[in-house]
Protein chains: 2
Amino acid sequence: MEYEKKIEDWLWGNRGKGTRFLQRLVQENSTRGLESGAQAVIIEKCRKLGLTLDIWEIGGEELTKHPAYCSDRTDFTGNPNVVAVLKGSGGGKSLILNGHIDVVPEGDENDWEHDPYSGYIEDGKLYGRGSTDMKGGSVSLLLAMEAIISSRIKLKGDVIFQSVIEEESGGAGTLAAVLRGYQADGAIIPEPTNMKVFPKQQGSMWFRITVKGRSAHGGTRYEGVNAIEKAMQLIKHLQELENKRNERIDDPLYDRIPIPIPLNIGKMNSGQWPSSVPDIATIEGRIGVAPNEQMKDVEKELENCVAEASAQDEWLQKNPPAIEWFGGRWLPGNLEVEHPLMASISHAFEKVKNEKPIIEASPWGTDGGILSNIGNTPVVVIGPGVTASAHDVNEYIHIDEVFTAAEIIAHTIVDWCGMSDE
Amino acid sequence: MEYEKKIEDWLWGNRGKGTRFLQRLVQENSTRGLESGAQAVIIEKCRKLGLTLDIWEIGGEELTKHPAYCSDRTDFTGNPNVVAVLKGSGGGKSLILNGHIDVVPEGDENDWEHDPYSGYIEDGKLYGRGSTDMKGGSVSLLLAMEAIISSRIKLKGDVIFQSVIEEESGGAGTLAAVLRGYQADGAIIPEPTNMKVFPKQQGSMWFRITVKGRSAHGGTRYEGVNAIEKAMQLIKHLQELENKRNERIDDPLYDRIPIPIPLNIGKMNSGQWPSSVPDIATIEGRIGVAPNEQMKDVEKELENCVAEASAQDEWLQKNPPAIEWFGGRWLPGNLEVEHPLMASISHAFEKVKNEKPIIEASPWGTDGGILSNIGNTPVVVIGPGVTASAHDVNEYIHIDEVFTAAEIIAHTIVDWCGMSDE
């Protein structure tokens, strides 16, 4: 029997077992600081598969002093990173399979139809926080490896499975894995792309702009300077900056995306009293970073935009807004479309789905930015699930897609790492 | 000796004693819920003057169900209203002298040079929260009455001194006094006008506008609708409404005021996460009400403005912003400049200061709106102290101005109420 058939048979023959495994993983709430329970489920599975385990608590100065380190978390005790290696016989290319175990908070539980950690199944969908982002994808990775192992396919190159923490909060888990020495000839991250193939990923970073005004009684508001009005002026300039930055994008991968690198105004707070002129306003947002851009250059461009806006206003000239780069920061990914890993994945995709994959650039950053920029590992993002469901209430994943993704990934592994002659 | 001279002599002869009385009053912190200590100082003084006292805790359905009642306070126990009457011999016009005892919170104590309740005196100024707004004015009222009583001047009309609570929070104290039956042929409120004469007062009311958006990931912000952007659209329309409303004002009293009835955007809050599209924004502000306007008409005009703005936007059309009229609400005052009380005050002013008073319209509401609109009592606002100092740190009042105001008010009382022939 051909290996493709063996993999297909094993996967679809074990649909029930694989689904229960995903369900068990979703049932472990792994929001920030609570990752250990879900990691234990992963570790148990990797032990059964006979993989070489590396389990460690991240931290230490090499990590926290690294320029790409971005976290406000001070304690990682008890919530380890997990790496599990399927050692090849040698002579093949290595492949990292990276998934994050942390999930974003469930929000208001009352907005959910079922318990956010139920793993409830209905009409071929499995519900729960993290089902799509990205426990479904991580299960695809483990199913692909199990299918290969169970089919007694021996590989030349190493397969390095990673279940990392902290992706949703700046990528410290993957950075720690890179700094621990995990690099490879290629990497797949099965974030929810709806099975589109993303060789490039938009990076992003957060900013906070603080605008001063001058307080006054609302009845004599002309004696004050309204910080909300000044903030609105700045936002208009930021909107123009977004236009300008997006007009520059000519990568055909972005052809179907209305705004390739959005600048999002996510928060605005000002004022304490309806009848007082507010004397301070803060704006928080995220600016998208194109695959071919450097973070520093984008910072500079936004800072220049604010400076130019301020130059046009007497008050802002004298009271220049303060800009902070705080919190989230995701490096972009920028793999050339012609990279051999792209060919390998596309080929596997066609074999399984009988059609060509859609190749695009992702609208969000992933740990791929760290793997590629810091770890020098070429990264492609492809996985089951749709972005829209990711951070939403009633998050779900189509169970079949998890298995289809597993099949595509399994074929890619065999093709990329090579079958051993043994 | 003429009575004018007697009053003058008494007042300036008792400058030290009067100043210590003001100091003692300022030293009693009378922020909301803590009015009793300062009221006790007032009551003690009124007893010594032999006035007929009426001390009561406000409340009851007649008050709280009154259309002009505006308060979120549920317990008035222990912090009474005080009214003290100097009964006339009959046949003269009555006069209400109204001052509020409540003061706004002191804010950050560290921003004050001296303790906010020190009553510290330096260079002829007395410092402390409430010194200007409006314990200085209330002391002017009591000094005027004491000067008349000490000079053995007998009056025909009644003088009704009021020390009310709740002015800074919507006027429930003065409303309670009106409902208790206190009305008169005229009223003086010595709020800090810097000794300008205000026959008209701007009213105001608070509004809250809630604007919906649609949440989305910041990286695909085009899938969402940004509530901040929609709120900014509305604010632009509100700014135009302010222009339109102020262009209509042709009262010469407003000639020197840049924006007679300002619409102030005092607060804006939206968003929870820099990289999410915010799905709700709230704007809070106050809209000025011209002396000749009805509150209901102004509400309607703002509501129409929001409706028209929404009609021009597909999203807002489907998701109309919600408007609430909440919290603060101050009725305007609208006394004709030719009213006899104006003549009486102007005459007294000229006698004391040897110049004509400046007559203007106030940029803020006072309890005068309730006295005139609900109590049918003609009101003029004139008092020592400047608005700018009122709610500010290091609030102070020029002590001499308290005595000058007392002199003008004493002359007005004698002229308005009439001297008895006895």
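This is a predicted model: local features need pLDDT of at least 70, side-chain atom pairs count only at pLDDT 80 or more; totals for chains, interfaces and linings use all residues.
Residues are numbered from 1 along each chain as its sequence is written, chains are lettered from A and ligands numbered from 1 in the order in which they are written, and side-chain values use heavy atoms, with hydrogens and water left out.

S204(A) is buried, at a relative accessible area of 4% (buried means under 20%, exposed over 50%, partly exposed in between, with a 1.4 Å probe and protein chains only). Leaving aside residues up to four places away in sequence, S204(A) touches several residues, including R286(A), M295(A) and W330(A) (contact means heavy atoms within 4.5 Å).

Chain A splits into domain 1 (3–201 + 332–417) and domain 2 (203–330), with bounds from an automatic or database domain assignment. The contact involves 19 residues from domain 1 of chain A and 17 residues from domain 2 of chain A. About 1400 Å² is buried between the two domains, 59% of it from carbon and sulfur atoms (buried area is the accessible area, 1.4 Å probe, that two parts lose on being put together, summed over both). On the domain 1 side, P332(A), E360(A) and A361(A) supply 35% of the area buried against domain 2 of chain A, more than any other three residues. Two salt bridges are counted between these domains (a side-chain nitrogen of Lys or Arg within 4 Å of a carboxyl oxygen of Asp or Glu). D251(A) pairs with K200(A) in a salt bridge, with the closest N and O atoms 2.9 Å apart.

Then there is chain B. Here 41 residues of chain A are in contact with 41 residues of chain B, and the two chains bury about 3500 Å² between them, 63% of it on carbon and sulfur atoms. Y222(A), M232(A) and P274(A) lose the most area on the chain A side, together 18% of what that side buries. The interface of chain A and chain B has two salt bridges. R221(A) and E242(B) meet in a salt bridge through their side chains, at 2.6 Å from N to O. As for the elements involved, β11(A) gives the most to the side of chain A that touches chain B, with eight residues.

Note on methods:
Helices (H or I, at least four residues) and strands (E, at least two) are DSSP runs, numbered from the N terminus.
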